[in-house]
Amino acid sequence: MADIALSGPSGPRPKRRLAPSRIILYSILFVAAVYYLIPLYVMIVTSLKGMPEIRMGNIFAPPVEITFEPWVKAWSQACTGLYCEGIKVGFWNSVKITIPGIIVSIAVASVNGYALANWRFKGSEFFFTVLLFGAFIPYQVMLYPLVIILRELHLFSTLPGIVLVHTIFGMPILTLLFRNYFASLPEELFKAARVDGAGFWQIFFKIMLPMSLPIFVVGMIIQTTGIWNDFLFGVIFAGQQNYPMTVQLNNIVNAVQGVKEYNVNMAATLLTGLVPLTVYFVSGPLFVRGIAAGAVKG
């Protein structure tokens with residue numbers, strides 16, 4: 001007992017809750033949160049005001065009388081060019097583009113990543129390097145060749161055409177993520193399955209896929225935000241009858257005729273960003289797990 005008393009307390013020194021480094025960290029995070037939340041706050045309160053209240057000029061003041069008429073008009077009545085059917089038409093077009101784009105791109109990229117990680121073939125590293133090189137080519141360089149290719153394939157201004165474009169441009173980063181994730185899984189599982197006589201697709205569907213939910217969520221979030229928020233490919237490749245939500249939002253906000261209805265513009269903007277925000281917040285924890293696991297091996 002005397003020895004214990006003389007040696008003093010053991011174990012690590014308890015951390016101070018109000019350490020200077022922690023205060024600085026939380027201060028920076030608070031400032032960053034306020035910086036990004038203020039525009040969102042302005043958009044929300046503006047979308048809930050009538051135009052007479054907006055003309056008073058105080059954009060930070062909460063609405064005196066809340067109205068959802070701007071949201072209704074943005075959804076079903078706002079003019080997006082020659083037609084005044086609201087942004088709902090673009091919403092369903094975006095759904096038709098996003099869902100197939102996510103399914104096709106993730107399906108192809110997952111098989112690519114699995115093959116590059118576990119089934120090495122002659123020239124696989126060169127193939128992987130070429131594929132990654134495509135991630136650094138500016139989109140604008142590829143627009144004209146893609147227009148010609150899709151025209152020759154009779155896919156220009158069609159839904160399959162725009163889905164194909166998103167699949168092509170999502171392939172490099174998704175293949176990298178899947179390849180790194182599959183490479184981080186225990187190699188013994190793959191070897192044991194090979195010894196038991198399992199083939200390419202048996203290992204993929206019965207062993208790899210059940211352990212790959214986080215990286216599939218990462219791919220889904222990346223493709224959802226990338227495809228849903230895309231404007232450039234939509235306005236060029238989709239065709240007027242298939243314009244996504246972002247293109248119609250641009251037509252509403254940049255309309256030059258009539259009175260500028262800022263509340264309708266803000267409501268249309270919030271409606272456009274609602275889907276990717278919902279997907280991210282619902283799948284956030286799995287997104288972090290998948291990114292961390294996919295960065296283990298390069």
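Reply: Helices are DSSP runs of H or I with at least four residues, strands are runs of E with at least two, and both are numbered from the N terminus. The model is predicted, so local features need pLDDT of at least 70 and side-chain atom pairs count only at pLDDT 80 or more, while totals for chains, interfaces and linings use all residues. Residues are numbered from 1 along each chain as its sequence is written, and side-chain values use heavy atoms, with hydrogens and water left out.

The protein chain contains 14 helices and zero strands, so that its order of elements from the N terminus is α-α-α-α-α-α-α-α-α-α-α-α-α-α. Of its 298 residues, 37% are buried (under 20% relative accessible area; exposed is over 50% and partly exposed in between, with a 1.4 Å probe and protein chains only).

Side chains of opposite charge can pair when their charged atoms come close. Three salt bridges are present in the structure (a side-chain nitrogen of Lys or Arg within 4 Å of a carboxyl oxygen of Asp or Glu).

One of them joins the side chains of Glu261 and Lys73, with an N to O distance of 2.8 Å. This pair connects distant parts of the chain, 188 residues apart: Glu261 belongs to the loop between helix H13 (245–253) and H14, whereas Lys73 belongs to helix H4. Glu261 counts as partly exposed because its relative accessible area is 26%. Lys73 is likewise partly exposed, because its relative accessibility is 24%.

A second salt bridge is formed by the side chains of Glu187 and Lys191, at 3.9 Å from N to O. Both residues belong to helix H9 (residues 187–195), where they stand four residues apart, about one turn of the helix. With a relative accessible area of 47%, Glu187 falls in the partly exposed class. The remaining salt bridge brings together the side chains of Arg151 and Glu152, at 2.9 Å from N to O.

Most residues other than glycine have a negative phi. His154, in the loop between H7 and H8, instead has a phi near 60°, a positive value. What is the accessibility class of each? His154 counts as exposed because its relative accessibility is 69%, while Ser157 is partly exposed because its relative accessible area is 22%.

The C-alpha atoms of Leu277 and Ile221 are 9.6 Å apart in space, although 56 residues separate the two in sequence. Phe60 sits in the loop between helix H3 (51–54) and helix H4 (69–76). Phe60 is partly exposed too, because its relative accessible area is 46%.
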